[in-house]
Amino acid sequence: QVQLVESGGGSVQAGGSLRLSCSASGLIFSATTMGWFRQAPGKERNFVAASKWSGDNTAYAVSVKGRFTMSRDNAKNTVYLQMDSLKPEDTALYYCAAARYAWMYTDYSNTNSYGSWGQGTQVTVSS
């Protein structure tokens, strides 16, 4: 059974930083494409970032590119999302997810590509 547990959310002022973590179990983490998504109240869940199993190929949504950095530690079965220069529009519930298939076969920005999800961690950015 796959389990994904996010942590690190909180409340910050605009311009601040947060680092989210997602700890995984029940899967071959070192072979799994991982993603971060976010969902604001009343809106659909949107892609934020995704990482190939090796960590040497990472993709970002246009809205966060240059401000967010996704990384992974396969020895710890953990992915991270470093969020800098936060804006009020970054306020959302952030989820990590494990993809169903390998990077080259995955539409990493599509929620349907992911078979396992964490419970989410709230990020609130005030102006």
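**Exercise 1. Find which charged end sits over the ring of Y95, and at what distance from its centre.**

Solution. In this predicted model, the charged end of R45 sits over the ring of Y95, 3.7 Å from the ring centre. The rule asks that NZ of Lys or CZ of Arg be within 6 Å of the ring centre and within 35 degrees of the ring normal. Turning to another ring, we find that R72 lies over the face of F29, at 4.6 Å from the ring centre. Residues are numbered from 1 along each chain as its sequence is written, and side-chain values use heavy atoms, with hydrogens and water left out. Because the model is predicted, local features need pLDDT of at least 70 and side-chain atom pairs count only at pLDDT 80 or more, whereas totals for chains, interfaces and linings use all residues.

**Exercise 2. Describe how the rings of Y95 and W117 are paired.**

Solution. A pair of aromatic rings is described by the distance of the centres and the angle of the planes. Rings of Phe, Tyr and Trp (its six-membered ring) pair if their centres lie within 6.5 Å, and planes under 30 degrees apart count as stacked, over 60 as edge-to-face and the rest as tilted. By this rule there are seven aromatic pairs. One of them joins Y95 and W117, with 6.4 Å from centre to centre and 85° between the planes, and is edge-to-face. Since Y95 lies in strand β9 and W117 in strand β10, the pair ties together parts that are 22 residues apart in sequence; strands here are DSSP runs of E with at least two residues, numbered from the N terminus.

**Exercise 3. Classify the pair formed by the rings of W103 and Y108.**

Solution. The ring centres of W103 and Y108 are 4.9 Å apart and their planes stand at 15°, so this pair is stacked. W103 is buried, with a relative accessible area of 14%, whereas Y108, with 29%, is partly exposed.

Conventions. Helix = DSSP H or I, 4+ residues; strand = E, 2+ residues; numbered from the N terminus. Buried < 20%, exposed > 50% of the residue type's maximum accessible area, 1.4 Å probe, protein only.
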